[in-house]
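Have a look at it first.

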Amino acid sequence: MRFFNEKKQASPTSSLDNPQYPQNYPGANGYYGDDVPVGDGYDDDLHVQCPPHTTERKLVTRIDLHVVPFLCILYLLAFLDRVNIANANVYGMSKELGLTGDKYNIALVIFFVPYVLFEIPSNMLLKRFRPHVWLSINMILFGFTTAMQGIVKTPSGLYATRFFLGLFETGMFPGCFYLIGMWYRRHEAQKRYSFFFSSTTLAGAFGGLLAAAIGKMDGVSGYAGWRWIFILEGCFTVLVAFIFFFVLPDFPEESKWLSEDEKAYVAARLRADQGRSASERAITLKDVGSVFKDYKVIIAGFMYFGLIVPAYGYAYFAPGIIKGYGYGTIETQLHSVPPWAAAFGFAMLMAVLSDWTKKRMPFAIFSICVCITGFGILIAVHDNTKLQYAALFLVAMGAYTAMPIVVCWFNMNLGGHHRRSVGSAWQVGFGNIGGIIAVFAFLSADAPLYTTGYSICIAFTVLSIVACIAYGIACYAANRKRDKMPVDVGLTEYEKTELGDMNPEYRYLL
């Protein structure tokens, strides 16, 4: 472990003299810059000097209050607007619109076309326009689109709204994960990531409760209950989006609620853990290409890809599966709530343990195995509705716990703004191709057993385990190789920053 207890004179090749790094860049002075070891990836003993008027714990608490709650609410509403179509379908949407055969599945899959294609461009625009602007504008647009789903008259109208919903939601998930990753050190991140991601489980829980309540408006103003689900939830999203324009956080370097010395301290503690971020430099197409030269990035896409199939399979079809157990419409909506609540609790427990042990891979694999157990029960048991319902708990708990772990693991292992922006968008964008598979894995013709769908989900969760092991081995091998390299390989600070986590001094979290 290297410590820098004396301020060093900047060398001619240091970042201080490079025009890419202006003098007012946090860490451009000895007090917050050269006294901090840069990006060696071991944070147990790293110390950066906190401003005298506060403490690290107080500052991290302020960050928590300004960053996590708003992003959680944002994604809760995004996910709710995305999956409330499942609740609407229980109230007769398919019957009224004439969604016969696989037309309902087509409506689901159209969402993923723009959602997959525009993940990386969206993260690049997030960096350009600042998060509070880009995220709130997209939130207004997908809220409006959700409301429009409530007035469609034909299948083609539903297809059009689902396409634009996918387009406007494309930047929400990777953008929020990218933003959170630029505020926290790696061993602090999993609890925040899992709490944020658990917005999906809360959305599932609230979705069932809201649908049970809103569905009673059937016939009000001549609209069916399923239409009011879309209209009310979409309008509420638009209202919140206008407020969020003023309260959503930006990157640490752009925050208005931190003083200059606090910004410098936040930048320094992150740099000690992850290296310099190059926040002031725009992301280019060359940056995008260079990220994909790292084979670990490709593997990370498959970690998430394998989990998306069971996750969306559950989100979109759980209400229909539960209804097949003999429950009425309102009972179905209410019975969809407890598995989501259990998933939230399990995800937070695994997150706390993961941060405490500073390990990711064991908890990801264990959670995936829980999910596989649930699907195994659903395939094998057909005459015990209580056990089948309990298996849905395992599916939700396993899938929605493993997903934030693998995303956090990969995202926080990426060093620098450009690698993290592109890499996180790639993982989420490629992974969501699995959503296309999920919506065609559960066909109405296979109800109520859904043996094909459950089998497909097991296959993809196994793929995710294999990818997790491969990524873990790749990170371990890279760390071992770098441990054997000379400490000083002659790189300038600018070159180290451009390399991000490819910097020989960087160590990956396992």
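Start with the pair H15 and H16, where H15 passes H16 in a right-handed crossing (right-handed if the near helix is turned clockwise from the far one by less than a right angle, left-handed if anticlockwise). The contact takes in Phe346, Met350, Leu353, Ser354 and Thr357 from H15, along with Phe363, Phe366, Ser367 and Val370 from H16; here contact means heavy atoms within 4.5 Å. Sorted by class, those residues are six nonpolar, three polar and no charged. Nonpolar covers Ala, Val, Leu, Ile, Met, Phe, Trp, Tyr, Cys and Pro, charged covers Asp, Glu, Lys and Arg, and the others, Gly among them, are polar.

A quick word on what you're looking at: this is a predicted model, where local features need pLDDT of at least 70 and side-chain atom pairs count only at pLDDT 80 or more, while totals for chains, interfaces and linings use all residues. Residues are numbered from 1 along each chain as its sequence is written, and side-chain values use heavy atoms, with hydrogens and water left out.

Helices are DSSP runs (H or I, at least four residues), numbered from the N terminus. Two packed helices are described by the angle between their axes and the distance between the axes. The axes are lines fitted to C-alpha atoms over the stretch in contact, and angles run from 0 to 180 degrees between N-to-C directions.

| Helix pair | Axes come within | Crossing angle |
|---|---|---|
| H15 and H16 | 10 Å | roughly 160° |
| H13 and H19 | 8 Å | roughly 45° |
| H9 and H10 | 9 Å | roughly 125° |

Angles under 35 degrees count as roughly parallel, over 145 as roughly antiparallel, 65 to 115 as roughly perpendicular and the rest as oblique. So H15 and H16 are roughly antiparallel to each other, whereas H13 and H19 are oblique.

H13 and H19 also make a right-handed crossing. On the H13 side you'll find Phe305, Ile308, Val309, Tyr312, Gly313, Tyr316 and Phe317, which meet Ile433, Gly434, Gly435, Ile437, Ala438 and Val439 in H19. That contact has 10 nonpolar, three polar and no charged residues.

H9 passes H10 in a right-handed crossing too. Leu210, Ala211 and Ile214 of H9 meet Gly225, Trp228, Ile229, Leu232 and Glu233 of H10. The classes there are six nonpolar, one polar and one charged.

Which residues have the most contacts inside the largest nonpolar core? They are Met93, Tyr316 and Tyr400, in a core of 147 residues. Such a core is a set of buried Ala, Val, Leu, Ile, Met, Phe, Trp, Tyr and Cys residues joined through side-chain atoms within 4.5 Å. Leaving out residues up to four places away in sequence, Tyr400 touches several others, including Phe79, Phe197, Tyr312 and Trp340.

Most residues other than glycine have a negative phi, and most peptide bonds are trans. Arg130, in the loop between H4 and H5, has a positive phi near 80°. Lys358 sits in the loop between H15 and H16, and its phi is positive as well, near 60°. Ala447 and Pro448 are joined by a cis peptide bond, with omega about 0°, and Pro448 belongs to the loop between H19 and H20.

Conventions
Helix = DSSP H or I, 4+ residues; strand = E, 2+ residues; numbered from the N terminus. Buried < 20%, exposed > 50% of the residue type's maximum accessible area, 1.4 Å probe, protein only.
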